[in-house]
Amino acid sequence: MLFDILDRIDFDLQRAIFDNYVLKDGLYVKICKNIEYFIFKNDKKEDKKQLLFKDLNGNIRNDEYEWFVKRDYLSGYLNSNKAIDPPKKKIHSNNYLALFVKATEFIPENKQHFVEKLFDNLKTFDSFSKSQEKEVLKQYKNYIYNEERQENVERKKELFLKYFDEIVRVIKEKEIKNYVKIFFDEPVEKYKKESEIYYALKIYNKIETVREIEGKIYGLSDFNMGLNQKKPYLEHKTRGFPLPFMVEKDKIFEIKKLFDYLKNLKEPLKYEPAATAPGIYLHKHNENDHAVIDDFDILVFVEDSLSEKFEYKNYIGLTSDGRAVENREITTYEGLYKLIDEIFNNSLLENNFYGDVYSKLPNDFQNLIYLTRDLAKNILKRDIDSLFGYLRFGLDFILHYIRQNSLFKAAEAVNLILSIKAYKGENVDIKGTLEKIEEKVKNLEGLNSDEWHILSGQVIKYLLDKSKKSEKKADMIEPFLRAGKTKKLKQEIEMLYFKYKHEIPLNFTKLNNAIALIMAKEENEKVDKEKLLIGLLSIMFLEKKTRKRC
């Protein structure tokens, strides 16, 4: 999977990481023959390109920002369990050219700890004494013990000790509460080489998984992988070599870059298929500041645009603030996904796409998300047939919003169901159907089943509007939704009619005819709740029209 993604990336991955990398708030120190201080604070409301990097006098020094970004990215540890100074884990950097530490820890009492763990330890790496660690370090032996490097480590230690007290003073004066990050002025290439040794030791799931095979180091990837003593699920129990797979050292470095890139990715990663390779789709989330891949698929056909535009139409005459809700045209799969999320899922799907659905949502809504989110994923993967899968659950979404007392959202869901049916090729003409029903009511003509249910919904809506309650709640509809058969529904409508008949004009022929047609139904069939709700939520024709006075 990971190499399929890497094979499809056709841009400079390292450059893309730097372009999206944002430093953490804190004091940044640059040590050469002299010392410079900078303060960075990330206002998350601002765009990265507008972030300000200032010296202690308040002067903007954005020209220095990229210098720190490159070295900061290369120098961070993988996580606290892989710090270079266990068990204290005060140091958050990975090489002797940089020291990352919480400001509260940069105190005289910790000075000797920093010297021993950052400089003395990484000068020779003698503390890494496991057999697998020695195998890894053997490949870097000539570099580590190079005389020039040994002398450079000592020079950096002397400079660190020279400026230590001054840095403590600046931290206090500027009231730094977050990070202190100290960098020595060396080329990026040297930072890269030093961090490579750390990564070679720490980048794998466990050092015990590391093996030297034909002069190359291999180990079990720690990216998107859970395998330890408490989670041994991926181990192969029936063969002599239990690890599920192994990755060569240079390849694992590329995988790390991929996950660093994915961490800052906002939208699902998608690549078009080419003549030589298929397309891919990837969705991820971030956990503990690391990317975790939730879903991956190989796609043969990937186009942004729908082969035929999707029209979301206001079939039932829904109004908002006195004006009819406008129709919408959707031309892309992403747009279709967002429309479904907005109307069916109340824009809550993105945060519940994978894993457990938010437990404080209503239980029926949680279940609907579990049942339908794979359909949404497949739409993003360009599977248009998954759109029609929502027709099985449309009524459930409508009922959910009715029971949440949100008739507007329920009506939006009705419009979306009808729009999906029209896109599928079904004949959808609610306005024409209502006009046809109105004509049959006028002439007392017989109704088919669909017309009967829609008319029943119209009558229920009209009668409920006669209620004098100051706050009309959707639970008034519940008795009609509970009716399983049309005979029971007729009884509920009859009771509602007698409840409000004193509010109805005696000569209201249209309503009287409608009631007569409803009561005339002889077949006792299963109630078609979808058609009933279309009638109940549609614009009403059952209004007594009054003559205009001259």
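Reply: Before the first question, a term is needed: buried means under 20% relative accessible area, exposed over 50%, and partly exposed in between (1.4 Å probe, protein chains only). This is a predicted model, in which local features need pLDDT of at least 70 and side-chain atom pairs count only at pLDDT 80 or more, while totals for chains, interfaces and linings use all residues. Residues are numbered from 1 along each chain as its sequence is written, and side-chain values use heavy atoms, with hydrogens and water left out.

Me: Which residues of helix α2 are buried?
Reply: Helices (H or I, at least four residues) and strands (E, at least two) are DSSP runs, numbered from the N terminus. Helix α2 covers residues 13–20, and its buried residues are Leu13, Gln14, Ala16, Ile17 and Phe18.

Me: Against which helices do the buried residues of α2 pack?
Reply: Contact here means heavy atoms within 4.5 Å. The buried residues of α2 pack against α1 (2–8), α3 and α9 (249–263).

Me: At the start of α2, which backbone nitrogen does a side-chain oxygen of Asp12 reach?
Reply: A polar contact is a pair of N or O atoms within 3.5 Å; within protein, one must be able to donate a hydrogen and the other to accept it, and residues adjacent in sequence count only if both atoms are side-chain atoms. The oxygen of Asp12 comes to within 3.1 Å of the backbone nitrogen of Gln14.

Me: What is the strand order in the open sheet of five strands?
Reply: Two strands pair if DSSP finds at least two bridges between them. The pairing in this sheet is mixed, and the order is β3-β2-β1-β5-β4.

Me: In which sense, parallel or antiparallel, do β4 and β5 pair?
Reply: Leu99 stands opposite Ile182 in β5. Five bridges join β4 and β5, and the sense is antiparallel.

Me: Over how many bridges do β1 and β5 pair?
Reply: Within β5, Phe183 is the bridge partner of Lys30. Strand β1 (residues 26–31) and strand β5 (residues 179–184) run in the parallel sense, and the bridges number six.

Me: At what angle to β5 does helix α3 run?
Reply: Axes are lines fitted to C-alpha atoms, for helices over the stretch in contact, and angles run from 0 to 180 degrees between N-to-C directions. Helix α3 (residues 65–75) lies across β1, β2 (35–40), β3, β4 and β5, and its angle to β5 is about 100 degrees.

Me: How are α18 and α19 oriented to each other, roughly parallel or roughly antiparallel?
Reply: Angles under 35 degrees count as roughly parallel, over 145 as roughly antiparallel, 65 to 115 as roughly perpendicular and the rest as oblique. Helix α18 (residues 486–500) and helix α19 (residues 509–519) pack at about 150 degrees, with their axes 10 Å apart. The two helices are therefore roughly antiparallel.

Me: Where is Asp289 found, and is Asp289 buried or partly exposed?
Reply: Phi of Asp289 is near 65 degrees, a positive value in a residue other than glycine. Asp289 sits in the loop between β10 (279–287) and β11 (290–299). Its relative accessibility is 46%, so Asp289 counts as partly exposed.
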